[in-house]
Amino acid sequence: MKRCVLIGGIGSGKSTVSRMLQEHGAACVDLDDCGHEVLLNPTVISMLTETFGEDILDAQGQIDHAALAQKAFATPQATVRLNAITQPRLLRIAQKRLDDLEADGCAIAFVEISAYDGPDGTFAPLFRTDDAVISVTAPKRLRIERAIGKGYSEQDVRNRIARQVSDAQRALWADFVISNKGTLADLQAHVDAIWKKITA
């Protein structure tokens, strides 16, 4: 199974590119979705409340994602504590999903990651050295506008951007860079061209 890595910060348009790739026939493992599964784990809930306080829980005793984000992305130290609790479990879930896709005969799968930290970083166990990396970029102003339109607060978006690597750094890691500052048709054309190259 050929694997690709789809990276990009909040509001870059990464999810739209993901949808377009899936329309071409690729399978997707979304690490945000894996992360949501992690946050349902009772052990994780207990560890997070011990670390960040009971006020990150909603009325049903589940993690309130917005409340957690407000605390976990407030400082670099808080983000490190969050990652120490969640990332090992997230990696296990993502690897299981990739293994299942490969066992089912999937030809191309990609992993969608917001917090990619390089080919030798946290998520390296999920990939092979010849996997293609696709980076989606956009001007910061557009990213903030798009994320606010999805319901994020401006401060939350700015905190997340501050904790993620820059588009310039992502470009250094990428085999393909999509600048998503034009129309949807422009974006589709970029994706179509990349799809032809990775399936050639």
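Is Arg170 buried or exposed, and what is its relative accessible area? Arg170 is buried, with a relative accessible area of 1%; buried means under 20% relative accessible area, exposed over 50%, and partly exposed in between, with a 1.4 Å probe and protein chains only. The views below belong to a predicted model, in which local features need pLDDT of at least 70 and side-chain atom pairs count only at pLDDT 80 or more, whereas totals for chains, interfaces and linings use all residues. Residues are numbered from 1 along each chain as its sequence is written, and side-chain values use heavy atoms, with hydrogens and water left out.

View 1. Arg170 lies in helix H8, which covers residues 167-173. Helices (H or I, at least four residues) and strands (E, at least two) are DSSP runs, numbered from the N terminus. The side chains of Arg170 and Asp167 make a polar contact at 2.8 Å. A polar contact is a pair of N or O atoms within 3.5 Å; within protein, one must be able to donate a hydrogen and the other to accept it, and residues adjacent in sequence count only if both atoms are side-chain atoms. When neighbours within four places in sequence are left aside, Arg170 is in contact (heavy atoms within 4.5 Å) with Ile7, Gly8, Gly9, Ser114, Ser135, Arg143, Gln164 and Val165.

**View 2. The aromatic cluster of Tyr116, Phe127 and Trp173.** Ring pairs link these residues, Tyr116, Phe127 and Trp173, into a cluster. Rings of Phe, Tyr and Trp (its six-membered ring) pair if their centres lie within 6.5 Å; planes under 30 degrees apart count as stacked, over 60 as edge-to-face and the rest as tilted. The count by this rule is 2 aromatic pairs. The ring centres of Tyr116 and Phe127 are 6.5 Å apart and their planes stand at 65 degrees, so this pair is edge-to-face. Tyr116 and Phe127 both lie in the loop between strand E3 (108-113) and strand E4 (132-137), 11 residues apart. Tyr116 also forms an edge-to-face pair with Trp173, at 5.4 Å centre to centre and 85 degrees between the planes. This second pair links the loop between E3 and E4, which holds Tyr116, to helix H8, which holds Trp173, 57 residues apart. Tyr116 counts as buried at 5% relative accessibility, while Trp173 counts as partly exposed at 22%.

**View 3. Helix H3 against helix H5.** The axes of H3 (residues 42-52) and H5 (residues 76-103) come within 11 Å and cross at roughly 170 degrees. Axes are lines fitted to C-alpha atoms, for helices over the stretch in contact, and angles run from 0 to 180 degrees between N-to-C directions. H3 is therefore roughly antiparallel to H5; angles under 35 degrees count as roughly parallel, over 145 as roughly antiparallel, 65 to 115 as roughly perpendicular and the rest as oblique. Among the residues of H3 that meet H5 are Val44, Met47 and Leu48, and those on the H5 side include Leu82 and Ile85.

**View 4. Helix H4 against helix H5.** The axes of H4 (residues 65-72) and H5 come within 8 Å and cross at roughly 125 degrees. H4 and H5 are therefore oblique to each other. Leu68, Lys71 and Ala72 of H4 make the contact with Ala78, Thr79 and Leu82 of H5.

**View 5. The buried residues of helix H6.** In H6 (residues 140-149), the buried residues are Leu142, Arg143, Ile144 and Ala147. Helix H7 (154-163) and H8 are among the elements that cover them.
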